[in-house]
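Colleague: I have not looked at this structure before, and I would like to go through it with you step by step. Could we take a few questions in turn?

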Amino acid sequence: MNTVDYGPYITAMKQADCCMFWFVPFHTLQFINQYSQYGFKMPLVQGGCTTLIVQNLKALGDKALNLISCSAYDAYVKGPDVKNWVDRWVKLHGNKADKDGRYPYDAGGTAMYSAVTIILQAIQSTKGDTTPAVFRAALKNGKFKTPWGQVSFSDDRVGVGNAYIMKIIKDGNTYIPTDVYKYENVVRSEPASAKDAAPKM
């Protein structure tokens, strides 16, 4: 995270089925630009999340095409519930500049929206009782509606819901993510069977 030159790492790569990475947005831009400059063609997979907003994708252009990532909450997931939510957002904030949130580009913001929605539904189910024991039980036993599908919680209080595989495509002159696959009822934590299963680097 404290480097801006990925050349030594990129040139040391060996051919593989894909190149998986995770960086915050600035480093993602730097990495993809250098990856392209060095002529690598392995498909890019952003592990764990999506950090590139539309302005970043515009800056990357064709270098971003076919990048794969995943998201539980994204404004570009296809479906009527997400579309209705986006339309309502744009109606409320359409007079703002892009940088001020005219469109819900940021997956972090959509996740926060879902979290608050879940909390409000839990409070509604308890008729306003936010006593810790009552509220914990409401969260543990509830099934909560979000634009991205139902969310519930496991016995370990880990979220369970849909996960979407996102792919960067070109729509006219714009580069956008779109969902290409949906996993339903995913427990959003590492299963015990996978703990320490990755090879040591």
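**Around S71 and the cores**

Modeller: This is a predicted model, and a place to begin is S71, which, leaving aside neighbours within four places in sequence, is in contact with T50, A107, A163, Y164 and M166.

Colleague: Is S71 buried or exposed?

Modeller: S71 has its place in strand 3, which covers residues 68-71. Because its relative accessible area is 9%, and the cut-off is under 20%, S71 counts as buried.

Colleague: How many disulfides are found, and which cysteine sulfur is nearest to that of C19?

Modeller: A search of the whole structure finds zero disulfides. C19, which is buried with a relative accessible area of 6%, is in no disulfide, since a pair must lie within 2.5 Å, while the nearest cysteine sulfur is 7.3 Å away and belongs to C18.

Colleague: Which element gives the largest share of the largest nonpolar core?

Modeller: That core has 20 residues, of which Y76, V77 and W148 touch the most other members. Two or more residues come from each of helix 4 (80-93), helix 5 (107-125), helix 6 (132-141) and strand 6 (159-171). The largest share, three residues, comes from helix 4.

Colleague: How many residues are in the other core that lies apart from this one?

Modeller: I10, F21, L60 and L67 are among the members of that other core, and its size is 18 residues.

Definitions and conventions
Residues are numbered from 1 along each chain as its sequence is written. This is a predicted model: local features need pLDDT of at least 70, side-chain atom pairs count only at pLDDT 80 or more; totals for chains, interfaces and linings use all residues. Side-chain values use heavy atoms; hydrogens and water are left out. Helices (H or I, at least four residues) and strands (E, at least two) are DSSP runs, numbered from the N terminus. Buried means under 20% relative accessible area, exposed over 50%, partly exposed in between (1.4 Å probe, protein chains only). Contact means heavy atoms within 4.5 Å. A nonpolar core is a set of buried Ala, Val, Leu, Ile, Met, Phe, Trp, Tyr and Cys residues joined through side-chain atoms within 4.5 Å.
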